[in-house]
Amino acid sequence: MTDESGTELWKEHQSAFDRVRAVAVTVSEPKPADWIAEQAHVAGNTARDHLQRLVEMNVLRTATGGTATRYEPDPLYTRMQALRNLLDDRTRDDLLELRGDLQEQVEEWQTEYDADSPSDLRERAAHADTAEATREMRRTANDWDIIAYRLQLVEDAIEHYSDYAGSTPAPA
């Protein structure tokens, strides 16, 4: 299958709105409507209409600065979606086990690098002896940020499990 046939299949099976949404919710930095339109294979005006609707739905938000309106995922929407996915895929016991796994990973990095946080590790990377050590420490700091964010989500899901999942947790 070529990229062109993949694009045609995507266009055939997904509405223009779904394609715009799929592109817009995955950007890591704010993007203008024309860029999203090109990636979603829709006209610029079509993308702008759908992007505005997604902003009204609190799925996206607009970014200030620059000459064109730029769009990015709404962080609150993104967080709620991640919580929903955790609750849909796991029981409370699974979440407790996941929290333990994430905490264990953080503890390993703390021990390995003698650092208390990702920012502490980045500071240490600035004084590493080799370029490879610097790159490795920066990669680990980025991974640590992701794990820390995920750990916050898991802890939120555990703390509010009965409210979010609509069930009462089993006694400990």
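From the N terminus on, the elements of the protein follow the order α-α-β-α-α-β-β-α-α-α-α-α, which amounts to nine helices and three strands, where helices (H or I, at least four residues) and strands (E, at least two) are DSSP runs numbered from the N terminus. The model is predicted, so that local features need pLDDT of at least 70 and side-chain atom pairs count only at pLDDT 80 or more, while totals for chains, interfaces and linings use all residues. Residues are numbered from 1 along each chain as its sequence is written, and side-chain values use heavy atoms, with hydrogens and water left out.

**Overall dimensions**
- The protein has a radius of gyration of 21 Å, whereas a compact globule of 172 residues would have one near 16 Å (taken over C-alpha atoms, with the globule rule being 2.2 Å times the number of residues to the power 0.38).
- Along the principal axes of the protein, the C-alpha trace spans about 50 × 50 × 40 Å.

**Burial and contacts**
- Of the 172 residues, 30% count as buried, that is, under 20% relative accessible area, with exposed meaning over 50% and partly exposed in between (1.4 Å probe, protein chains only).
- Among contacts with a separation of 6 or more, 53% are between residues 24 or more positions apart, a contact meaning heavy atoms within 4.5 Å.

**Residue A68**
- A68 lies in the loop between β2 (60–63) and β3 (70–73), and A68 is partly exposed, with a relative accessible area of 39%.
- From C-alpha to C-alpha, A68 and A33 are 8.1 Å apart in space, although 35 residues separate them in sequence.
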